[in-house]
Amino acid sequence: MSNLASELIQDCSVISGCSALELVLKPKDKDLGGFRVRRTLPTKECRSVGPWVFFDHMGPAHFEKNQGIDVRPHPHIGLATVTYLFEGEMLHRDSLGTEARVLPGDINLMVAGRGIVHSERQRDEIKAGPQNIHGLQLWLALPTDLEQTEPGFFHYDKTEIPKVEPNGVPVRVMMGCAYGVTSPVKTLSETLYIEARLKAGQTLVLPEAEEKALYIVKGTVALRETRLDEHSMAIFGNESGITVTAQRDTMLAIVGGAPVGKRYMEWNFVASDRSLIEQAKADWKANRFAKVPGDEQAFIPLPE
């Protein structure tokens, strides 16, 4: 999805926590025309966690008949997007000719590499009646040696994502390795992404990662003397054995991995070299990116 906000880096409330925590971020809601988005990465206080450089939580939102999400074609370079829905449906089209339905529980990974254009809309059949949408939009910075790789799109059905139950907690290992299983989802550097759903009173030991963050999609957890509320993100250093306890039924997303180094970010572009972003901006303005088959007419202009 495009970065639809006027500013990429958002302000978050910052809360100091226990010794296991580096930061707790509480994002501010942004109204993007009928639905709300909460952005915790990047912020002024934390630009990345492992390779993850962008974390948006959209919805939950309700649309009436003939309403919905229509994100026009826009470009990306130097990153991979992960689109994940809890509820609803979207239609992905890109300049490779891909047309894929984004459905709850599936993983949709788009590797931008040297450049890709995509749109995210909703089918007329979906917009024919009332509908809900709820999900996460995440970006990974590509390692330097793969920033200019060929673009690609990879879809993984929800049935392909491994499930485990550490301490009785249902966990899905979306990307990377955790709790003794490995996801089939393609990774380009050391990457972690899991989902956990805890009942009130259940505990979960967080998986190992050089850097990691825990985002509370819904619910509340306790970490030693610190309470982590809904829509907050806890940033951790490289400490093992971190345990959280659900104070009510809770859904968590945990992301992390090894950092890939400093990255510049502007609009929908990510790069280790600012000149790559300037070239991408010039190429988009000059109409040099490939078109999206089936969605050739509309586009999002480069913000001035």
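Start by selecting Arg38 and Gly59: a polar atom of the Arg38 side chain sits 2.7 Å from the backbone oxygen of Gly59. That is a polar contact (N or O atoms within 3.5 Å; within protein, one must be able to donate a hydrogen and the other to accept it, and residues adjacent in sequence count only if both atoms are side-chain atoms).

Before moving on, know that this is a predicted model, where local features need pLDDT of at least 70 and side-chain atom pairs count only at pLDDT 80 or more, while totals for chains, interfaces and linings use all residues. Residues are numbered from 1 along each chain as its sequence is written, and side-chain values use heavy atoms, with hydrogens and water left out.

Stay on Arg38 and colour by secondary structure. Arg38 belongs to strand 4 (residues 36-41); helices (H or I, at least four residues) and strands (E, at least two) are DSSP runs, numbered from the N terminus. Its relative accessible area is 6%, so Arg38 is buried (under 20%; exposed is over 50%, partly exposed in between, with a 1.4 Å probe and protein chains only). Now show what is in contact with Arg38, meaning heavy atoms within 4.5 Å. Leaving aside neighbours within four places in sequence, you'll find Pro27, Lys28, Asp29, Phe55, Asp56, His57, Gly59, Tyr215 and His231.

Along with Trp52, Val82, Ile107, Met175 and Tyr193, Phe55 touches the most other members of the largest nonpolar core, which has 32 residues. Such a core is a set of buried Ala, Val, Leu, Ile, Met, Phe, Trp, Tyr and Cys residues joined through side-chain atoms within 4.5 Å. Highlight strand 7 (residues 79-87) too: with 4 residues, this strand gives the most to the core. Then pick Ile194, Ala209, Phe236 and Leu252, which are among the 27 residues of another core, apart from that one.

Next, look for an open sheet of 4 strands, ordered 19-24-21-22 with antiparallel pairing. Strand 19 (203-205) and strand 22 (226-228) are the edges, each pairing on one side only. Pairing here takes at least two bridges found by DSSP between two strands. Zoom in on strand 21 (residues 221-223), which runs antiparallel to strand 22 and is joined to it by 3 bridges. Ala222 stands opposite Arg227 in strand 22.

Finally, zoom out. The protein has 2 helices and 27 strands, and its C-alpha atoms fill a box of roughly 55 × 45 × 35 Å along the principal axes. Of its 304 residues, 57% count as buried.
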